[in-house]
Amino acid sequence: IYEVTGLNLAQAINYFSILSFFFFLIALIGISQEFFKSKLAGFFAVLLTLTSSSGHFIDYFLKHQNQSLTQLLIGILTNSKHPFFSTIFATNGVTYNGTMFNLFYFLEERQMILGVIYLICCTWVIYNRKVLSNKILLITGALMGAYFLWHLYITLMVLAALIFILIFDNQKKKTLLLLAGFGAIFLPHYLYFKHLTNSEWFTYLVKKVPKFDSGFSDQYRKPFSLQHAFIWYGYSYGIKLLLLPISLIWLWFKNRKVSLIFAAIIIPTFIFINTIQLSPADVYENHKWLRPMNIIVDLAVAALIASAFFKNLQRALSTLPAWVLILFLLTASGCIELMPYFNSKPSHLFAQYPSTLTQAIDENTPPKSVFIGTHDSEIFLAGRKVFLANKLRGHDVALNRAKRTKIIEELYKTKDLSTFCRLTKTYGINYVEFMDVNQFLLTLPHFSALNPKYQTVYFADAKKACLSR
């Protein structure tokens with residue numbers, strides 16, 4: 001699509017991210033109008049989503065207590081540090097300990113924008129299931145289950161919510177129809193997924209998950225304790241942790257249907273976050289549950305604020321100091337953390353793009369090609385796959401790197417064309433990159449004369465040769 005429209009890959013990704021994020025914020029306002037009959041609640045939900053309510057602002061003010069108010073504000077507004085280092089938990093620039101509570105998370109994990117939109121749509125379907133026909137519920141449930149093909153974490157959130165509602169709500173037939181459609185797609189795909197990951201192409205770590213792990217709230221990997229978890233979550237959520245149960249109880253008396261849906265998402269997901277390791281990499285990957293759950297938390301708290309303080313003008317004026325203080329506590333840390341997001345500049349080059357190499361790959365190879373080569377970034381940016389990525393070493397713990405490395409070494413060592421062809425055909429490899437033409441000719445002498453079905457693609461910028469089948 002981006003090629004047809006004349007955009008390069010970077011522009012296409014950014015424009016799509018901007019549009020989907022805008023739609024996500026609009027969806028927050030829309031779902032608030034549907035659930036609470038209040039656009040104001042939606043605007044507050046957007047505000048809470050764009051900021052964060054942690055205790056970070058207290059540390060920040062204490063650290064700069066010797067500055068005047070003017071100096072303090074200038075320092076906040078002009079902060080150009082990397083957003084990773086300006087969060088509640090400053091990290092090494094790789095992990096999300098702090099950013100998973102603020103807006104920067106959606107820049108690092110852009111697929112989660114679509115995930116949250118999916119979650120909001122699912123809440124709408126569950127809310128309106130009583131008025132939907134049985135056929136529509138089955139089809140919609142199937143579409144909800146099909147999201148597994150995009151993201152496992154959020155799909156499991158919705159599955160747990162449906163089971164929760166089935167247990168505690170009286171519209172069991174309608175919920176069962178959604179679950180039936182959901183399971184018809186989700187279950188076979190999940191079983192197939194587990195079958196694939198049990199193969200020799202993946203490490204033993206994949207076979208060990210899901211498993212019990214209570215260490216998400218402990219970034220230093222100390223023995224789990226309820227006291228530490230309470231402190232960690234208390235600091236991370238701030239006053240929002242107090243307002244959330246009040247919001248759910250208030251919603252229970254105002255609109256039990258919405259309260260039950262929110263509880264069905266928040267309670268099981270929070271249990272998952274703190275008890276299950278789903279990724280072979282680490283329990284820390286549960287941030288993929290935490291951030292979507294927090295959107296529902298923001299909706300619940302926003303509804304309470306909009307109703308409690310802004311139901312009528314007289315009440316708003318009489319409680320002005322209280323709601324100003326609460327809004328400050330809910331957004332101060334997020335405002336501090338937003339500034340680096342706007343002010344920081346890139347400091348590391350991922351890849352030259354567009355480059356001659358990327359363009360050559362894009363123009364001379366089919367879109368579904370699989371490569372063996374050292375230029376991962378350029379291959380990825382051309383929209384192609386690599387048999388084994390070099391730059392992900394240490395992070396792709398699920399893959400059996402040893403097996404793939406052995407195949408690659410065998411390909412480069414062989415001087416026999418039939419062996420080379422057998423290996424590439426067996427393992428679905430379409431292109432093998434050689435660092436220069438001489439290495440290519442030395443590895444497979446008389447190559448083109450022996451097998452006219454193969455061709456050689458030369459990349460002009462560094463005289464690299466790429467063998468295609």
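Biologist: Where does K37 lie?

Modeller: K37 sits in the loop between α1 (9–36) and α2 (39–50). Helices here are DSSP runs of H or I with at least four residues, strands are runs of E with at least two, and both are numbered from the N terminus. Before going on, note that this is a predicted model, where local features need pLDDT of at least 70, side-chain atom pairs count only at pLDDT 80 or more, and totals for chains, interfaces and linings use all residues. Residues are numbered from 1 along each chain as its sequence is written, and side-chain values use heavy atoms, with hydrogens and water left out.

Back to K37. Its phi is near 55°, a positive value in a residue other than glycine. Its relative accessible area is 59%, so K37 is exposed. The cut-offs are under 20% for buried, over 50% for exposed and partly exposed in between, with a 1.4 Å probe and protein chains only.

G42 has a relative accessible area of 0%, so it is buried, whereas K37 is exposed. Leave out residues up to four places away in sequence, and G42 touches L28, I29 and S32. Contact means heavy atoms within 4.5 Å. G42 and A302 are 260 residues apart along the chain, yet their C-alpha atoms are separated by 7.2 Å.

Here is the wider setting. The protein chain has 22 helices and 7 strands. Of its 469 residues, 50% are buried. Take the contacts with a separation of 6 or more: residues 24 or more positions apart account for 68% of them.

Next comes α3 (residues 56–63). Helix α3 packs on α16 (residues 320–343) at an angle of about 65°, and the two axes are 8 Å apart. Axes are lines fitted to C-alpha atoms, for helices over the stretch in contact, and angles run from 0 to 180 degrees between N-to-C directions. On the α3 side, the contact uses H56, F57, Y60 and F61. On the α16 side, it uses F328, L329, A332, S333, I336 and E337. By class, these residues are 7 nonpolar, 2 polar and 1 charged. Nonpolar covers Ala, Val, Leu, Ile, Met, Phe, Trp, Tyr, Cys and Pro; charged covers Asp, Glu, Lys and Arg; the others, Gly among them, are polar.

Which residues of α3 are buried? They are H56, F57 and Y60. Down the axis of α3, these buried residues fall within an arc of 95°, so they line one face of the helix. The arc is that of the directions from the helix axis to the C-beta atoms. The buried residues of α3 pack against α4 (69–77), α11 (226–237) and α16.

Helices α6 (residues 111–127) and α8 (residues 152–168) form another pair, with axes that come within 10 Å and cross at roughly 15°. From α6, the contact draws on M112, G115, V116, Y118, L119, C122 and I126. From α8, it draws on I154, T155, M157, V158, L162 and I165. The class count is 11 nonpolar, 2 polar and no charged.

Helices α12 (residues 240–254) and α13 cross at roughly 145°, and their axes come within 6 Å. L244, L248, L251, W252 and K254 in α12 meet R256, V258, S259, F262, A263 and I266 in α13. That contact has 8 nonpolar, 1 polar and 2 charged residues. S259 counts as buried, at 4% relative accessibility. Residues up to four places away in sequence aside, S259 touches L248, L251 and W252.

P210 is in the loop between α10 (204–207) and β1 (211–212). The peptide bond from V209 to P210 is cis, with omega near 0°. G373 is in the loop between β3 (370–372) and α18 (376–381). Beyond its neighbours within four places in sequence, G373 is in contact with N390 and E433. G373 and Y431 lie 58 residues apart along the chain, with their C-alpha atoms separated by 8.3 Å.
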